[in-house]
Amino acid sequence: MFFIGIFGTDAKVVPVGQISGIPCAACGHLANFSVCRQYSYVHAFFIPLVKYGASYLATCPNCASVYELNPELGKQMLRGEPVHPAPADLHLLKNNCVPRCASCGAPRQPGDQFCSRCGAKL
Ligand SMILES: [Zn+2]
Ligand SMILES: [Zn+2]
């Protein structure tokens, strides 16, 4: 095969917009999630040939947790239509929420035995 080494795969992330009105499942904030469309594609001679695996990722601006958005809503956003997402439309992929002290809510560092603010045992 002469073409081995010419074909390759790559991934691309394109911002789509924002959704609001749903609380973040990780941090509980009613956040304006930034939505990006991510897809992989096969290219040859650096020309994209086949797109596959498109997904819509929503990021919480408060805790940076990453969600996968219902692709139907993502397509609506791409078309510029208003979307009204429900919590079920967001599927948590990666929880980046910082662990917090149960008694005072202060962020805690990994490995901390006691809260640095209130001294509660963690
Ligand atoms: Zn969050
Ligand atoms: Zn505390």
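What share of the contacts in the protein chain with a separation of 6 or more is accounted for by residues 24 or more positions apart? In this predicted model, such residues account for 46% of those contacts.

Taken along the principal axes, the box filled by the C-alpha atoms of the protein chain has dimensions of roughly 65 × 40 × 20 Å. Of the 122 residues in the protein chain, 17% are buried.

A local view is provided by Leu92, which is placed in strand β5, the element spanning residues 90-94. The number of other C-beta atoms within 10 Å of Leu92 is 15; because a residue is classed as buried at 20 or more such atoms and as exposed at 12 or fewer, Leu92 counts as partly exposed. When neighbours within four places in sequence are left aside, the residues in contact with Leu92 are Ala25, Ala26, Ser65 and Tyr67. Leu92 and Cys24 lie 68 residues apart along the chain, and a distance of 9.1 Å separates their C-alpha atoms.

Technical notes. Residues numbered from 1 in each chain as written. Chains lettered and ligands numbered in written order. Predicted model: local features only at pLDDT ≥ 70, side-chain atom pairs only at ≥ 80, totals over all residues. Contact = placed C-beta atoms within 7 Å. Helix = DSSP H or I, 4+ residues; strand = E, 2+ residues; numbered from the N terminus.
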